[in-house]
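Biologist: Please take a close look at the aromatic rings in this structure. Which rings group together, and what else lies over or against them?

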Amino acid sequence: MSAATRRLTTAQALVRFLAAQYTERDGVRHRLVAGTWGIFGHGNVAGVGQALVEYGDVMPFHQGRSEQAMVHAAVGHARHLNRLSAQAVTTSIGPGATNLVTGAALATVNRLPVLLLPGDYFASHAADPLLQQLEHPSEADVSVNDALRPVSRYFDRINRPEALLASAPRAMRVLADPAETGAVTLALPQDVQAEAFDWPEEFFADRVWRVRRPAPDPEELADAVRALRAARRPLIVAGGGVHHGEAEAALVALVDATGIPVASTQAGKGSLRHDHPADLGGIGHTGTAVADDLARTADLVIGVGTRYSDFTTASGTLFQDPGVRFLNLNITAFDAHKLAARTLVCDARAGLTALTGALSGHRVPSSYEDEYRAGRARWEETVRAALRADDENAVPTQTQVLGALDAVVGDEDVVINAAGSLPGDLHKLWRSRSPRQYHLEYGYSCMGYEIPAALGVQQAAPGVPVWALVGDGTYLMNPTEIVTAVQEELPVKLVLVQNHGYASIGGLSESVGAERFGTDYRHRAADGSFTGAPLPVDLAANAASLGMDVLRAKTVRELREALSTARAATRPTCVYVETAAGDAPGAQAWWDVPVAEVSARDAATGARARYEQAVADRRHHL
């Protein structure tokens, strides 16, 4: 007797399969693919599009406006749910598919799951060349979707319906694997999408992918404990893996037991609440003075769930103690072995809990605790001064915008940012109240991430106030998903900061001798110089035209009132503010951006001299 089968198209089978996939960790189950974003064209409308209509009762659909933005929304959703749930993104072939590449790179760089379902050319080649098809003169099996290969953790082109039987479970394994996750691509030739096949019923049965918490190897744990007991000035660097592993409470337990201080990367900020006595704030180029000062003298650096980007290490110049060594606790061996470290390849929660138990009775010297607590107090004065506005009727600076927002948000609010000058100010100054509040995408630092990511977070956390903080440059990159927020009635809050240009890159340009060239949004004179007059661009009116409620704030008082109104709003709401110039706390550590070795301009030659002085401090930790 033959096994039961169901005759469906490939696209229909895929949607039914995805709807039956779950993750489970610590006994809590989640939909692995919670919904599908889509923009339809001839490469997916008759296949995946028809299937989503057919099975709309089991697969929620979200209509996007930009392919890149759809991926950002899905990534925001996955990050807020600690990688236990993902979303899919479907596009047509051609530009629809290639527009996915930036979002896919962002997902993979940040180790965050997203499923990409781009349309592809006819597998049968019956209609070559079809509209939008790239023709390769010597490789007929190449399509534009091959551009997704290097930015995907798993890639397959489904040239026959039955290939999905093997490939779809492999794709789910990667999405659910905390050590391997990232962008997963299943390229779908449009004729195969619509082709029928007799699918075994087992393919559609509920399937649970258990997200493991591997324990540390006993010998690695013993070695780590010896190193920690021998250290006099240990420092924990908390990365995004603390959040992904839901290990915040385990970190607090270790710190309370041992007194080891904690500095955080952009992804790890909020691992300790800001007012915990051992929380030093951000580390590295955008870090705090107290964190960076301790990093320079640390004799053991314990990286927890971090991949040690150049911002964290100050391009190899931060950790300067002659005998400094590293101990890396990471679920990914690739990251655990960085900086010639001792390794604990394990789940963050499991590893931290094991360390706490094995270090029973051990505590850092009291003089060390006194030192870093005094440094915390000094930096808190810097924070208060930067956020404070003495004149309620003045135009706010950017840091005063953050101060006004700090006064309005609650512990449950989520603040999202990715690029520009805001990440540096936020890393130094933001007072994180809860593990999920601080949402910075700084692995890829992608302009245009913030607004769509806010939609994904809002879908993951209905009822939670979600704030997207963007400058004018970032807003102009990708405002389109405002329309989706209006359509889906997602009450995201947008804080739109107008400073007439690329403030972060403008400052960097000046520091490396490029004289702020090409970084202002201002009129040019006939000789190419800037006249200083702002362009007659009204971004607030633009946001309103896309369906947002807009509140304009000109003073500190008006800003605080507008933020309070926006927080209570039940519709997508924008708070627009033009900022005054103001000095945020400067960089506390270096960052390597190479400077022209020769130049006829004084700005560049001076910058080169400073560069050569700074780069001399770089160390290779071997």
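**Aromatic contacts**

Modeller: F17, F197, W199, F203 and F204 come together in one aromatic cluster. The model is a predicted one, and aromatic pairs in the structure number 11. One of them is formed by F40 and F61, a stacked pair with 5.5 Å from centre to centre and 20° between the planes. The angle counts as stacked because it falls under the cut-off of 30 degrees. This pair ties together distant parts of the chain, 21 residues apart: F40 lies in the loop between β4 (33-38) and α2 (45-54), whereas F61 belongs to strand β5 (residues 61-63). F40 has a relative accessible area of 36%, so this residue is partly exposed. F61 is likewise partly exposed, because its relative accessible area is 33%.

Another pair, F319 with F326, is edge-to-face, with 5.4 Å between the centres and 85° between the planes. That angle is over 60 degrees, which means the pair is classed as edge-to-face. F319 and F326 are both buried, whereas F40 is partly exposed and F61 is partly exposed too.

The ring of Y55 carries the charged end of R16, placed 4.9 Å from the ring centre. At Y576, the residue over the face of the ring is R552, and the distance to the ring centre is 5.7 Å.

How values were computed. Residues numbered from 1 in each chain as written. Predicted model: local features only at pLDDT ≥ 70, side-chain atom pairs only at ≥ 80, totals over all residues. Heavy atoms only, no water. Phe/Tyr/Trp six-rings, centres within 6.5 Å; stacked < 30°, edge-to-face > 60°. Helix = DSSP H or I, 4+ residues; strand = E, 2+ residues; numbered from the N terminus. Buried < 20%, exposed > 50% of the residue type's maximum accessible area, 1.4 Å probe, protein only. Lys NZ or Arg CZ within 6 Å of the ring centre and 35° of its normal.
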